[in-house]
Amino acid sequence: MSNVKSSNLGYPRIGENREWKKALEQYWAEQIEKDEFLKQMEEIRLQHLQKQIDQGIDLIPVGDFSLYDQVLDTAVMFGLVPKRFEYSGGKVSLETYFHIARGTKGAVASEMTKWFNTNYHYIVPELDEAEPVLIENRPLQFYKEAKQKLNIKGKPVILGPITFVSLAKGYNESQFKELVNQFVPLYAEILRELQNEGVEWVQIDEPILSTSISKETMSLFYNVYEALNEAAPHVKVILQTYFEAIEFYEETISLPVHGIGFDFVHDQGKNLEALKKHGYPKDKVLAAGIIDGRNIWRADLEKQYSVLEEIEHFVSKGRIIVQPSSSLLHVPVTVKSEEKLDKILSDALSFADEKLQEVVILSKGIHDGKEAIQDDILKSTKSIALLNQSSFRNNKAVQEASQHLDTYKAEREAPFHVRQGIQEKSFQLPLLPTTTIGSFPQTQEVRKQRLKWRKGELTNTEYKHFIQAEIKKWIEIQEELGIDVLVHGEFERTDMVEYFGEKLDGFVFTKFGWVQSYGSRCVKPPLIYGDVSFKDPMTVEETVYAQSLTDKPVKGMLTGPITILNWSFVRDDISRYGVANQIALALRKEIEELEKNGIRMIQVDEPAIREGLPLKREKWENYLNAAVYAFKLSTSVVKNETQIHTHMCYSDFEEIIDAIHDLDADVISIETSRSHGELIHAFEDNTYDKGIGLGVYDIHSPRVPKLEELITNIDRALQVLDPKFFWINPDCGLKTRGEEETIAALKVMVRAAEQSRERF
Ligand code: GLN
Ligand code: ZN
């Protein structure tokens, strides 16, 4: 049969109305019983499969659904439960499963970290002293369920052994190979059982193949997949890669598997290039990831069809599978729910359900010829053209500016050491000045008033007065505490990106465009769909009001261009860095306004700078250069005496320390709570010589720190950092903390600063 198959790699779990999230949270809050919870989850799971059946997808993924996270699912399938959760073998209970993910009173949760370069976070498996066994064959279980309940032969999705071990922790480099080999017989058993059940297709995810892996790891692939092939030769294994081009193309295509899945969207054309150069084995299937699984734009079917045609020169029709570039976990469920969006925009969008339609259309096109899908192609071309030609994407002033970036100064007037002298004189701060990161507790009351205002139950003036009262209250608290550099508290903001997105041109917010971030937590990233520009001052009123209440400096507070970019869905008709520069220019105006209005310190937060690093090392430099440039483009507009601060949340700074330096911020504050001292090393080795505040206490816990702990932290930092440059601040914003504990903790912090000063 030369039937071109359509396939999917994974479907969003959360449901059209986030019913998945709601069920989880109700269960955790003990509002529903376990049986009820599991029943609801089964319904959601089957409904999602049914949807894919109705769409006409041939190879429907099963086992990609999860009650929390697919990496955790894989770990518990092998009985990998960290010792502290007191597990004694056998099937891992639902309770234990959630304990690993969320922690208990006595045992901290397993760490979570970003899934490749996405904003999804997975639970990091802990392999210390691991003795993996196959506790249950999850893929088989879900295959059987789909067969029984819906009468389909699903395609089990399994996270492959090499990627699984690569994502885990608790071992060192030298144990890697041996560990992978421990898992091979277990994977072999899974596949053997699937084969016995009559399973035809299996998707084994090995996205690690799309990262900068070593030659040794590549050769390990050969051994592992040889063994798996021997164990179950009749199962058609698709080795699935995504998010980037495959690192070792020739080696990968010669692996003993039935087919390879490629990402032809996020590879900058490299996969296709390699295909043209090296060809493709005649006996293998090629699964073509041709519809963007990461972004929310309607596909240009004309263009994607032509990519498929090129592939067809090397792979016969019957061996092509058409699919999204990755799991659809990373996009919202359906555009249908977005009734309020401008039609030009909503016509140019495609969420999970629409993407599956696109997959089906393209596979039909390849099978029946282009004419068969001509109408659909026209429709896509037209929708995209309409958006591109719309006023949203044709803001003359923004485009002029983007073309003449060189006319905007992106370097401060004087170098840091000169500015530092000027600023020291003008601010007259004590040694080891104290400050906070920006937000103060957002109480129930704050949220309630904002909601009322949004619903129109509160006038703009009433809301403004409410916010001002909060600011006033907290300026007084900060003065009383004796903090040196104050903030207004960010009471007017729900979210640090949303707030700016709502005030800038070029952004729009969907109603149901949620995606899972981790566990039950979902985020609704803004859509940057048009040219970004500054409309009116966004933060001036609140900051100036706060400054009017005190003689101490109040820091203005903005979110930086790269963080706004990384936490949004970004238009793909121009380069991402082009978009970053548009945002930077808009922020530059805001910074100018703040300065004009007497604000002398301005903090531009970039917590997401590290997480935007590309998967491939060779692309890091470009990215970091662009990030540094965008930051400087927005901040370099100020005078020497104006002090620019930045803030970054916890991350692996070692690799980006040079870029941090290059931001040329006068002061940086950094989260340290999960770094166990490693961070200080990062700064020590590179002799960081600008203002720096290493968070002296962890804001993630309500616990009020002890004076001695803070003194110890400060001492430790001062062993490597010059006291002249050192600032004393909490780890991160205090938005999620209670008022009482916040005041208590800050009191200790100020005391710790005073005591430390006495020693100089
Ligand atoms: N200024 C922000 C706040 O204090 C920074 C938040 C962050 O680092 N994620 O809330
Ligand atoms: Zn932070």
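Where is the place of serine 439? Serine 439 sits in the loop between α16 and α17, where helices are DSSP runs of H or I with at least four residues, numbered from the N terminus. This is a predicted model, in which local features need pLDDT of at least 70, side-chain atom pairs count only at pLDDT 80 or more, and totals for chains, interfaces and linings use all residues. Residues are numbered from 1 along each chain as its sequence is written, while chains are lettered from A and ligands numbered from 1 in the order in which they are written.

Serine 439 counts as buried, with 21 C-beta neighbours inside 10 Å; a residue is buried if 20 or more other C-beta atoms, placed from the backbone, lie within 10 Å of its own, exposed if 12 or fewer, and partly exposed in between. Isoleucine 437 lies in the loop between α16 (416–427) and α17 (444–454) and is buried, with 28 other C-beta atoms within 10 Å.

The UniProt annotation "binding site", from an unreviewed entry, covers Ile437, Gly438, Ser439, Glu490 and Asp605; such annotations may be inferred rather than shown by experiment, and their positions follow the numbering used here, with feature names shortened. These residues span 169 residues in sequence, yet no two of their C-alpha atoms are more than 12.9 Å apart, so they gather at one spot.

In α8, Phe221, Val224, Tyr225 and Leu228 are buried. The face of α8 turned away from its buried side carries the exposed residues Lys215, Glu216 and Glu230.

Conventions. Helix = DSSP H or I, 4+ residues; strand = E, 2+ residues; numbered from the N terminus.
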